Amino acid sequence: QVQLVESGGGLVQAGDSLRLSCAASGRTVSSYTLGWFRQAPGKEREFVARISWSGTNTVYTDSVKGRFTISRDNAKNTVYLQMNSLKPEDTAVYYCAASLRWTMTTVTSWGQGTQVTVSS
């Protein structure tokens, strides 16, 4: 199984940028699709973005397309989420996730979460 540790959250103003990082560890990290989910207060956890091991394939939820970019550094076993033009509605706890399925319909491991707060 893979272990995930997020970092990089914080409090920013609308229009600002943040970069989240997720360090993955475990013998079989390369077997996993890595991605990001988020959960806003009073709402269900939702998918944000995912990336294949090679980095060739990425998928985003519609609300972040053109603003967020997911990438990974395989040498560091780290996945990033660059968030630009942040909006108050992006406020949530962001979770890194690992799945053996490309669609991430089943998540094997979750990080502890990092808070992102965007003020208007």
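Student: How many disulfides does the structure hold, and which cysteines form a disulfide?
Tutor: A disulfide is a covalent bond between the sulfur atoms of two cysteines. In this predicted model, two cysteine sulfur atoms lie 2.1 Å apart. The count is 1 disulfide, and the cysteines that form it are Cys 22 and Cys 96.

Student: Is the disulfide of Cys 22 and Cys 96 left-handed or right-handed?
Tutor: The handedness follows from the torsion about the S-S bond of Cys 22 and Cys 96. That torsion is about -85 degrees, so the disulfide is left-handed.

Student: How many residues apart in sequence are the parts that the pair Cys 22 and Cys 96 ties together?
Tutor: Cys 22 lies in strand E3, which covers residues 18-25, and Cys 96 lies in strand E9. The pair therefore ties together parts whose separation in sequence is 74 residues.

Student: Is Cys 22 buried or exposed, and is Cys 96 buried or exposed?
Tutor: A residue counts as buried under 20% relative accessible area. The relative accessible area of Cys 22 is 0%, so Cys 22 is buried. The relative accessibility of Cys 96 is also 0%, and Cys 96 therefore counts as buried.

Student: Which side chain does the side chain of Tyr 94 make a polar contact with?
Tutor: Tyr 94 lies in strand E9 and is buried, with a relative accessible area of 0%. Leaving aside residues up to four places away in sequence, Tyr 94 touches a set that includes Trp 36, Phe 37, Arg 38, Phe 68 and Val 116. The polar contact of its side chain, at 2.9 Å, is with the side chain of Arg 38.

Student: Where does Asp 90 lie, and at what distance does its side chain make a polar contact with the side chain of Arg 38?
Tutor: Asp 90 is in the loop between strand E8 (78-83) and E9. With a relative accessible area of 1%, Asp 90 is buried. Beyond its neighbours within four places in sequence, its contacts include Arg 38, Arg 67 and Phe 68. The polar contact between the side chains of Asp 90 and Arg 38 is at 3.0 Å.

Student: How much space lies in the largest pocket, and how many charged residues are in its lining?
Tutor: The largest pocket holds about 150 Å³ of space. Among the residues that line it are Arg 38, Lys 43, Glu 44, Glu 46 and Ala 92. The lining divides into 3 nonpolar and 2 polar residues, and its charged residues number 5.

Student: Is Ala 92 buried or exposed?
Tutor: Ala 92 is placed in strand E9 and is one of the residues that line the largest pocket. Not counting residues up to four places away in sequence, Ala 92 touches Arg 38, Gln 39, Ala 40, Thr 114, Gln 115 and Val 116. Its relative accessibility is 1%, so Ala 92 counts as buried.

Student: Which residue has its backbone nitrogen 3.0 Å from a polar atom of the side chain of Ser 99?
Tutor: Ser 99 lies in strand E9, which covers residues 92-99, and is buried, with a relative accessible area of 0%. Leaving aside neighbours within four places in sequence, its contacts include Tyr 32, Met 104 and Thr 108. The backbone nitrogen at 3.0 Å from a polar atom of its side chain belongs to Arg 101.

Student: What is the phi of Met 104, and what is that of Ser 85?
Tutor: Most residues other than glycine have a negative phi. Met 104 is in the loop between E9 and E10, whereas Ser 85 is in the loop between E8 and E9. Met 104 is buried, with a relative accessible area of 5%, while Ser 85 counts as partly exposed at 41% relative accessibility. Both values are positive: the phi of Met 104 is near 55 degrees, and that of Ser 85 is near 50 degrees.

Student: What distance separates the C-alpha atoms of Gly 111 and Ala 23?
Tutor: Gly 111 is in the loop between strand E10 (109-110) and strand E11 (114-119), and at 11% relative accessibility counts as buried. Gly 111 touches Leu 4, Glu 6, Tyr 95 and Cys 96, not counting residues up to four places away in sequence. Gly 111 and Ala 23 are 88 residues apart along the chain, and their C-alpha atoms are separated by 9.2 Å.

Terms used: Residues numbered from 1 in each chain as written. Predicted model: local features only at pLDDT ≥ 70, side-chain atom pairs only at ≥ 80, totals over all residues. Heavy atoms only, no water. Helix = DSSP H or I, 4+ residues; strand = E, 2+ residues; numbered from the N terminus. Buried < 20%, exposed > 50% of the residue type's maximum accessible area, 1.4 Å probe, protein only. Polar contact = N/O pair within 3.5 Å; in protein donor to acceptor, adjacent residues only side chain to side chain. Contact = heavy atoms within 4.5 Å. 1 Å grid on protein atoms, 1.4 Å probe; cavity = no way out; pocket = protein on both sides within 12 Å on 5 of 7 lines; lining within 4 Å. Points joined across faces, edges and corners; volume = space filled by probe spheres on them. Nonpolar A, V, L, I, M, F, W, Y, C, P; charged D, E, K, R; others polar. Disulfide = S-S within 2.5 Å.
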